[in-house]
Amino acid sequence: MSTKIACVVVTYNRLEKLKRTLAAYAQQVRKPDYLIVVNNCSTDGTEDYLDAWKQDQTGMKIVLMNLQENQGGSGGFYLGSQKALDLGADWVWLADDDAYPEPEALDILSGKLAELDQDETVTAVCSSIWEGGKLSLGHRKRYQAGFWEFKQIPIPAAEYEQPAFEVQLFSYVGAVIKAKTLKQVGLCEKDYFIYWDDTEHSYRISKAGKILCLPAVKVNHDIRPEFENAGNVIVDWRFYYMERNYFAFLKKHFPIAYRLQWNREHSKARLHLLTGQKIAKYNVEMRALEDARLDRMGLCKTYKPGWKAEK
């Protein structure tokens, strides 16, 4: 019996990117057994486009999930993964709407997955990621858990010259998780809404067994504006979720580091607010810290997508 691969793509108001993504899956040498598209209540004509596009496809089963409200990337991947399990997939591929697998990606991958089906030591596999024509190192990482922090370490470029190597953390860009693993460790934290859901999930997955990166499986990915200048903090809705979910992650998995780091960051934020420095940033920081402490997760009514601090 052949290995069944379900590809889950989550989209929200990026129709032009989605069109390119869908074309990439339709052009696969080895088509996915299921292509599950989770439309996070887009308002840009995505639903109508998907309905028309589905009618023209052959060779793969298309499942459209048009959500009635935006549940964020986390909620979308949670629901899409659950649907993949319900359909009997053996492996579940996860990617956003700005990730474009090379035509041979699933063909190369499927040959390896057939070997790994019965290997109980392997929990997940992931591709290499290319941005702007260059290998991107920020999507596949290992970690160091210290007394004060959880440190993510990108895999060195030299390791991508090997046929395969182990990682501990991955982004949801060309990550393929064994169905048995999802049933064992659970799905992603849907209430993160966006950011850190893939890091938290892959951390749990790494505890259950090995995660392999196969550099020959290539996915092209758009460079996201919020990550172009790592040292330039943009105070917008994304900053809130990055901060809140980071501390939610620490609280769940590293409680001592969480308490130490939470107190440090809380004191820093209070000091800045008392002295009138960087008020916009530290107002958001304080809210993120408090929400993580009180387990107030999901979509924040204050920091909805599109919110940005006034200058």
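1. Basis. In this predicted model, local features need pLDDT of at least 70 and side-chain atom pairs count only at pLDDT 80 or more, while totals for chains, interfaces and linings use all residues. Residues are numbered from 1 along each chain as its sequence is written, and side-chain values use heavy atoms, with hydrogens and water left out.

2. Cores. A nonpolar core is a set of buried Ala, Val, Leu, Ile, Met, Phe, Trp, Tyr and Cys residues joined through side-chain atoms within 4.5 Å. Buried stands for under 20% relative accessible area, exposed for over 50%, and partly exposed for what lies in between (1.4 Å probe, protein chains only). The largest nonpolar core holds 33 residues, of which V8, I36 and F170 touch the most other members. Apart from this core lies another, of 32 residues, with V9, V37, M60 and V125 among them. In soluble globular proteins, nonpolar side chains tend to be buried together.

3. V8. Contact means heavy atoms within 4.5 Å. Not counting residues up to four places away in sequence, V8 touches I36, V38, F77, G80, S81, A84, V92, W93, L94 and A95.

4. On a 1 Å grid over the protein atoms alone, a cavity is a set of points where a 1.4 Å probe fits but cannot get out; a pocket is an open set with protein on both sides within 12 Å along at least five of seven lines, and lining residues have an atom within 4 Å of a point. Grid points are joined across faces, edges and corners, and a volume is the space filled by probe spheres set on the points. The search of the whole structure finds one cavity of 30 Å³ or more, and the largest cavity has a volume of about 30 Å³. The lining of this largest cavity consists of W93, L109, V125, C126, S127, G174, V176, L214 and V217.

5. Make-up of that lining. Helices (H or I, at least four residues) and strands (E, at least two) are DSSP runs, numbered from the N terminus. Strand 6 (122-131), strand 12 (173-178) and strand 13 (210-221) each supply at least two residues of the lining of the largest cavity; strand 6 gives the most, with three residues. Ala, Val, Leu, Ile, Met, Phe, Trp, Tyr, Cys and Pro count as nonpolar, Asp, Glu, Lys and Arg as charged, and the others, Gly among them, as polar. On that basis the lining of the largest cavity divides into seven nonpolar residues, two polar and no charged.

6. Second largest pocket. The volume of the second largest pocket is about 200 Å³. E69, N70, Q71, G75, Y78, L79, K190, D191, F193, G298 and L299 line this pocket. Its lining residues divide into four nonpolar, four polar and three charged.

7. N245 and Y195. N245 is found in helix 8 (residues 237-253) and counts as buried, at 0% relative accessibility. The side chain of N245 reaches the backbone oxygen of Y195 at 2.9 Å, which is within the limit for a polar contact (a pair of N or O atoms within 3.5 Å; within protein, one must be able to donate a hydrogen and the other to accept it, and residues adjacent in sequence count only if both atoms are side-chain atoms). Leaving aside residues up to four places away in sequence, N245 touches Y192, I194, Y195, W196 and M297. Y195 lies in the loop between helix 5 (179-185) and helix 6 (197-208). Although Y195 is not a glycine, its phi is positive, about 75°. Y195 counts as buried, at 10% relative accessibility.

8. D295. Another residue other than glycine with a positive phi is D295, near 60°. D295 is found in the segment after helix 10 (279-293) and is exposed, with a relative accessible area of 53%.

9. P32. The loop between helix 1 (15-26) and strand 2 (34-39) contains P32, which counts as buried at 1% relative accessibility. Beyond residues up to four places away in sequence, P32 touches I5, C7, Y25, G59, M60 and L106.

10. N283 lies in helix 10 and counts as partly exposed, at 39% relative accessibility. Not counting residues up to four places away in sequence, N283 touches L273 and Y303. I62 lies in strand 3 (residues 61-66) and is buried, with a relative accessible area of 10%. Leaving aside neighbours within four places in sequence, I62 is in contact with L35, W53, K54 and Q57.
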